[in-house]
Every structure is written in structure tokens, then in C-alpha cells.
Amino acid sequence: MLVNTKARVGVFSIALGAYLPQFPSLVPEFESQYAAFKKTLPDTVEVIDGGMVTTKEQAMEAGDKFRAADVDLVFLQMLTYATSYNMLPAIRDLDVPVVLVNVQKLKALDYEHTDIASWLGEGYACGAVGEAVADLERAGKRHAVITGVVEGGDPGVQAEIEDWCKAAQVRRRFRDTNIAQIGRPGMMDLYIDETNLYNRMFLYTKQFDWEKMWAIADDITDEDAIRAKAQDILDTFEIEGGGTIEKVWDMAKYVVAFEKWVKDEHLGLIASHYDGFAQGKAGVLDSMLIPAFSMLIKQGTACAVEGDMKVAMAMSILKTISGTGQLSEMYSIDFNDDICIIGHSGSGDADISAKKPTMKIVKVFHGKTGGGYLTQFYPPVGPVTYLAITQDKDGNFKFVVAEGENQPGPIFTFGDTNMRTKFSIPCREFVNRWSEAGPTHHMAAAAGRHIDTILKVAKILNVPVDVITR
């Protein structure tokens, strides 16, 4: 990532204080279980440790830590039965989900040889989960439950924990980085209120004009850096007619400048649209903007064409949780094979390409000013996830998601990324249901199945989700 962020995850555990003086062996037992649980959290997150809580006062202290750190998510380990006064003060003032971790130490207790202390310490966490959820509901808090076992290992539990941490990283990335807007979109479904965007999704917009962008590379004089970036471009793309350092020199110079700009402005996302005359410096940059922004996407900065800030968000979400995020839209329908052709012209993600992406020069960008380089990426055959972000009449955001299967077969080869996707319903029904959900005409694509993680992202960001197909 050109701009790195790290999710902040609050963690605490609860037990009933009345048990501890009655059964002193529970204290080291619970401390050991809590220490072991914290080790299951991936090192991709920053852990804010609220400690083991057995009183209302300790819960308040944990809450103070969580608020001060602006946590993106809270994990609560249920050690044994505990009343909700051990939980609610820690999360009362937070607006993030609480994930209740009900992970029992043993697969099953020894029925004949288990005493009360062993039962309370190794097999009674489940007793508190329903009560905790009931109180979270009454408090208006978002929540989820993970149930499993420590003994013998539980890959399902570990996968859920890591999935939640990936989802939390989306909130932190939106909260800590900025989105650059260069130019304005030309389609009404893409328009956005930047103040509303910041209030609802944490993303702060920085405005840039094209005159500044044309001159962005003027001060780049480090020829070694330019040469290295030119080689990076040649390593990334197969250029029609052959590529050389000299051929991509100016492009590399702009990429070096863009990378510095992204770091200086702390940009996690970029949405751009140019509708000028494409002459002089404007024409030089406009002709190479697609591959230049593709080089940024490769490094984790989502870059969307047509000024679409909402699809830039969708691309960033998928890149964050899955490692790939490709701009797409409904492209065509193959009624013979009952598949949707989905893709887009413009910048793309090299990480989604099953083979080396291609770059070619065209005289005319369809529907846009000028001509220059097009890039085509080749998403793999297999599972694929689509995510669109839209808004209702009141400005509330909504996710629209679908999973499908990319099929082998012919694709268009004129320089635009496109793929053949079959869904679990007929293509005509899919297009109807997807369109009726009211997305913008853009969506992001990622290799693999990611709806479960997207649902966690939506819970963290507190937005509804329309699931079209799985």
C-alpha cells in the first residue's frame, strides 16, 4: 500500500466477579484463556487491550481506552457466565459492532469428574451469550456472535476472527485516508455530496484541478527513480508493438509524481474525470492516465474513472478485504450461453489478472476526449464477487452485492477488461434484480467469494446490503 493504515481493535473479556473469591483457581484459568485469545488476533491490527472485566468500574475503564483509541471493532471474550453490567459500560459510547466470542475451552466436559469450578472455567461461556445480545439490542448496538472451541483447534473460529479484522481495516482506511476528486462526473447516478460522504462514511474529500495535475511531474528529475518505474511498467504490462524504457519514460515520470502526491496527500482513493480539449500537456497526461492510475491501483490506491467516488469506495473495500478490486459495469449479455459480459475501459488492477495485462494505443477514447493507452486485464475463471455502492433519496448509502462464476470462452479484445460471468439465476433475471436494487452503473469486482466479509464491512459501517445472488 502506498498509504498504510492499521485497524484498531478493542479487546476485553468478562467473567462474573462473584465466582472469583468462591473459586480462586478461576483467576489464573481466566487470565490464561484471555492471553491465549489475544494471540489469535492477526498482527495486521492494533490491539487495544481492555483487560479482564469483572466489575462495572473495570468496564468503564475499558470503555475509556476504546474511545480514546477510536477503535474500529470490539471483540468481547465470554469467559464464563457474566451479567451485562460487565459489558455495557465498556461499549455504551461506541458506534462500532461488538463481536461476542463464545469459544469454549474443551470440546466436552468429563461428566463424572467435573466439579463446579471446572464447569464455570471450562464450559459455561455459552450461558451468557443470549443475555449479552439481548442487552446489546436494547442498547441499539450492532453485534455478532462467534461460537467454537479451543481444544483441537477451530479453523472456523480463526477464519471468522481474521475476517472481522479485514472488515475493520476498511473503516480505518476510510477514516485515516482521503479521497481525491479531480474533475466532476458527467452522469447523475455518480453525483455525490462530499459533506454527506464524510458524515456517513468517514471519507474526507480533497479537491484537485487538472491544471495542477498536468504540472505534477515537472519537478521529477531523479532519472534512476524514473527508470526503475519504467521497468516496473514494462514488467506489469505487455505493450502492443513492444515496450521500451524510452517508450514509457514520460508515463513513468508521471507515476513517480503520482506516488509522491498520494503519499503527501494521504490518498487512499482517487476519482477522476477529464472533459477538456486534450491538447498540449493536457493531451500528454490524458493519453497515459489509464495505465498510470493502474500502477497506483496495483499498490493499493483505488482509482476510478468517470469521477465515480462511490465505485472508488467499492474498489477500495474489495482491494482491502480480498487483495483485488477491478472497476466494472454491465457490458453485454450473451443469451446463447446465459452469461453476463461484465467489464470496463480504464484503469484496472493487475493483481486480478490471470495473465499479464495488455496495453495498447487507440486513436479515440469512446465517449471521452482524446486517445491514448487502453489497458486490458484478464480476471481468472472461477468465483467472482461484485460490489456496488449506491444511495437512496435521503442520501443513505447501500451496498449491492452478488457472487457468480467467471466462465471460459471468448471475450472482447479491443482493449477493455471484460469477463463472462454466470450467476445462480438466469442472466436476464440477474440483470433485472441487480438493476432493481438501484446501483449506479458501476461496480467493483474481486476474484473469489467475499459476500460474508462484505456483510461484516457493512455492519461496521452501518449500511444495509442487498444480496442479489450467492
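This is a predicted model: local features need pLDDT of at least 70, side-chain atom pairs count only at pLDDT 80 or more; totals for chains, interfaces and linings use all residues.

User: OK. Is Val-53 buried or exposed?
Analyst: Val-53 is buried, because its relative accessible area is 0%, and buried means under 20%.

User: What does Val-53 touch?
Analyst: Leaving out residues up to four places away in sequence, Val-53 touches Phe-12, Ser-13, Ile-14, Ala-15, Gln-58, Ala-59, Ala-62 and Asn-86.

User: And how far is Val-53 from Ser-322?
Analyst: Their C-alpha atoms are separated by 35 Å, and Val-53 and Ser-322 are 269 residues apart along the chain.

User: You mentioned Ala-59 and Ala-62. Which residues of H3 are buried?
Analyst: In H3, the buried ones are Ala-59, Ala-62, Gly-63, Phe-66 and Ala-69. They sit on the same side of H3, because they cover an arc of only 130° around the axis.

User: Which exposed residues are on the face turned away from that side?
Analyst: That face of H3 carries Glu-61 and Ala-68, both exposed.

User: What covers the buried residues of H3?
Analyst: The cover includes strands E1 (7-14), E2 (45-53) and E3 (73-78), plus helices H4 (88-91) and H7 (155-176).

User: How far apart are the end C-alpha atoms of H3?
Analyst: They are 20 Å apart. H3 has 14 residues (56-69), and at 1.5 Å a residue it should span 20 Å, so the two values agree.

User: Why point out a positive phi?
Analyst: Because most residues other than glycine have a negative phi.

User: Where is Glu-306, and what is its phi?
Analyst: Glu-306 is found in the loop between strand E10 (302-304) and helix H13 (309-322). Although Glu-306 is not a glycine, it has a positive phi of about 60°. Glu-306 is also buried, with a relative accessible area of 9%.

User: And Asp-338?
Analyst: Asp-338 has a positive phi of about 55° and is not a glycine either. You'll find Asp-338 in the loop between strand E11 (326-334) and strand E12 (339-344). At 27% relative accessibility, Asp-338 counts as partly exposed.

User: Switching topic: how many aromatic pairs does the structure hold?
Analyst: It holds 17 aromatic pairs. One of them is Phe-258 with Phe-293: their ring centres are 5.2 Å apart and their planes are at 40°, so the pair is tilted.

User: Which parts of the chain does that pair link?
Analyst: Distant ones: Phe-258 is in helix H11 (residues 249-265) and Phe-293 is in helix H12 (residues 280-298), 35 residues apart. Both Phe-258 and Phe-293 are buried. Together with Phe-208, Tyr-254 and Trp-261, they form one aromatic cluster.

User: Which charged residues sit over rings?
Analyst: Among them is Arg-171, whose charged end sits over the ring of Phe-202, 4.9 Å from its centre. Another is Lys-355, which lies over the face of Tyr-378 at 4.4 Å from the ring centre.

User: What about the nonpolar core, how many residues has the largest one?
Analyst: The largest nonpolar core has 137 residues. Those with the most contacts inside it are Phe-12, Phe-75, Leu-100, Phe-258, Trp-261, Ile-270 and Phe-399. Apart from it lies another core, of 18 residues, including Val-384, Met-419, Val-431 and Met-443.

User: Next up, helix H6. Which residues there are buried?
Analyst: In H6 (residues 129-138), Val-129, Ala-132, Val-133, Asp-135 and Leu-136 are buried. Their arc around the axis is only 165°, which puts them on the same side of H6. The face of H6 turned away from its buried side carries the exposed residues Glu-137 and Arg-138.

User: What covers the buried side of H6, and what follows that helix?
Analyst: The cover includes E3, H4, strand E4 (98-104) and strand E5 (143-149). Just after H6, Gly-140 takes a positive phi of about 75°.

User: Last one: where is Pro-97?
Analyst: Pro-97 lies in the loop between H4 and E4, and it is buried, with a relative accessible area of 0%. Pro-97 and Lys-459 are 362 residues apart in sequence and 6.9 Å apart in space, C-alpha to C-alpha. Residues that Pro-97 touches include Asp-72, Arg-142, Lys-459 and Ile-460.

Terms used
Residues are numbered from 1 along each chain as its sequence is written. Side-chain values use heavy atoms; hydrogens and water are left out. A nonpolar core is a set of buried Ala, Val, Leu, Ile, Met, Phe, Trp, Tyr and Cys residues joined through side-chain atoms within 4.5 Å. Buried means under 20% relative accessible area, exposed over 50%, partly exposed in between (1.4 Å probe, protein chains only). Helices (H or I, at least four residues) and strands (E, at least two) are DSSP runs, numbered from the N terminus. The expected span of a helix is 1.5 Å times one less than its number of residues. The arc is that of the directions from the helix axis to the C-beta atoms. Contact means heavy atoms within 4.5 Å. Rings of Phe, Tyr and Trp (its six-membered ring) pair if their centres lie within 6.5 Å; planes under 30 degrees apart count as stacked, over 60 as edge-to-face and the rest as tilted. A charge sits over a ring if NZ of Lys or CZ of Arg is within 6 Å of the ring centre and within 35 degrees of the ring normal.
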